[in-house]
Amino acid sequence: MDKKRKLGVAGAGALAVVVTLGIAATADAAAATLGAAAAEQGRYFGTAVAAYKLSDSVYSGILDREFNMVTPENEMKWDATEPTQGSFSYGSADQIVSHAQAHNQRVRGHALAWHSQQPGWAQNLSGTALRNAMVNHVTQVATHYKGKIYAWDVVNEAFADGGGGGRRDSNLQRTGNDWIEVAFRTARAADPGAKLCYNDYNTDGQNAKSNAVYAMVQDFKSRGVPIDCVGFQSHFNSASPVPSDYQANLQRFANLGVDVQITELDIEGSGTTQANNFATVTRACLAVTRCTGITVWGIRDSDSWRASGTPLLFDGNGSKKAAYTATLTALGGGNPTSTPPSTPPVSSSSQPPIPSGGCTATVSVNQWQGGFVATVRVTAGANGTNAWAVTMPLPSGATVTNSWSTTRSGNTWSNVSYNGRIAAGQYTEFGLQATGTAGTLSPTCAAS
Ligand code: XIL
C-alpha cells in the first residue's frame, strides 16, 4: 500500500532524488511557474501568442514553461480567417491550437465579431449582406474549432468610450442593435462546449461604458441569450491606471451569473510600481470566485503591441522582471529552491510520511443536445496533495473528444505536472469534453 502510493507520486527513483535534496518534504511547496501557481488556485494563466514566433526557442521555452492558456494574438481575427469572402484560411491559427494541445494548454478564441481587423470585403458591406456574412463567419470559424476552445470572445469592443453609455458606431452596429445577440446565439449553435464571452477595454472599473455592458449582460441573462463570461482587457498605463474599484467591478459582473476573465493584461511601467500593479490585478482576480483566469497580452516586452511601454512580465531577453515575481507571489507561488524546507532534510533511508489527508472531487456538467463538458474540482484534504487521481466512469455512449489539465487512463483522471500539488483545503480543476450524455457522474478522489 505504502509502496504503491510512493510510486504514484513521482516514481521511487525520482522521490529518492528529491528527498536527498531536502525540498520535497512539504506537500504544499509553492508552485514555481505562473501556470502551476494559478492552477493551485483553480485558475489558468495565459498569454497572447503569435504563430510566427513559435519557432523562436526562447519564446516557446517561456510559453511552455509558464502558461497553460493561449490566445492567438491576431490569427483568429476576421481578416486572418476569411481574407476573401467564403474562403477560409486557418493555417496560422491551427498552428497555435496544435502547439497548445501538444503542451497541455487551452485556447481562448479571439475574436469572432469586431469592428476592427475586418477584411476589406467586409468593411465594404452593409445591411443584410454584412449581417449574413457575419453569421456565416461566426458559424464557420466556431465550427472549425469546435471542441478545441475554452472560451470565445464572441463580440469584441462593441461599446463606445466616454460618458454616453451607448454602442460604438460601426458597420456591424448599423446592421441593427441585435447584432450582438445574434452573434452569441450563432456561436452557441456552432460550438455548444465553448464559453461565450463579451470582451472590451475601459470597462475595468465602474464607469458609463462598463455600466452599459453590465446592462447588456443583465438583459441577455433575463432573456436567455447565451452568454457565459465577460472579458476585461485591462490595458493599463499612467493615463489609464488600474482602477481602485477593479475588484468590485469584476465582482458585480460575476454577481450577474457570468464568469469574468482578465483577457489582455499589460501594464506600462517598470520596477516596483509596475510589480505592485500586476500584484493588485492578480489578487483582485483571486478574490472573485468567478474570475477564472488571467491572460497577459504577450510574453516579453519586445513582443508587446506597445513595446515601448515595457508592459509585460519578461524583458526583451526573456528574463523574469520584478512584475513576474510579484505576480507569481500573488498567485501563491514562488521558487521552491529558495524556500527553506519546513522540516529538516531527511536521508533516503528515512523517507517522510506520505500525506494521508485525502482529497475530494466534485463535478459540474454543461450538457447540450449531443455533448457535454464536465469540469471536475479536486479539493485537497488536511495534508494537501503531491499527486491525485480521480476515478470517474462515463456512461456507455459517451466519447471523450478533448480534455485539459489532466491525463487519462480509462476511467482514471490524474494530475499533470503543474497541478499535482494542492495545498490543504485548496483546489484545482480539470475538464473534459465528450459527445453523448453525461448522466449522473460520481467522481472519487485518491491523493498521494
Ligand atoms: C492587437 C495586437 O496585439 C496587435 O498585434 C495588432 O496589430 C492589433 O491588435 N484589443 C484587442 C486585441 O482585443 O485584439 C488587440 O490586439 C489589442 C487591443
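Buried here means under 20% relative accessible area, taken with a 1.4 Å probe on protein chains only. This is a predicted model, in which local features need pLDDT of at least 70 and side-chain atom pairs count only at pLDDT 80 or more, while totals for chains, interfaces and linings use all residues. Residues are numbered from 1 along each chain as its sequence is written, and side-chain values use heavy atoms, with hydrogens and water left out.

**View 1. Helix H12, residues 271-287.** Helices are DSSP runs of H or I with at least four residues, strands are E runs of at least two, and both are numbered from the N terminus. Among the buried residues of H12 are Phe278, Val281 and Cys285. Look for their neighbours: the buried residues of H12 pack (heavy atoms within 4.5 Å) against partners including helix H11 (246-254), strand S8 (259-267) and H13.

**View 2. Helix H4, residues 57-66.** Tyr59, Ser60, Ile62, Leu63 and Glu66 are buried in H4. Seen down the axis of H4, these residues fall within an arc of 160 degrees (directions from the axis to the C-beta atoms), so they line one face of the helix. Their packing partners include helix H3 (34-40), helix H6 (91-102) and helix H13 (322-330). At the start of H4, a side-chain oxygen of Asp56 comes to within 2.9 Å of the backbone nitrogen of Val58.

Note on methods
Buried means under 20% relative accessible area, exposed over 50%, partly exposed in between (1.4 Å probe, protein chains only). A polar contact is a pair of N or O atoms within 3.5 Å; within protein, one must be able to donate a hydrogen and the other to accept it, and residues adjacent in sequence count only if both atoms are side-chain atoms. The expected span of a helix is 1.5 Å times one less than its number of residues.
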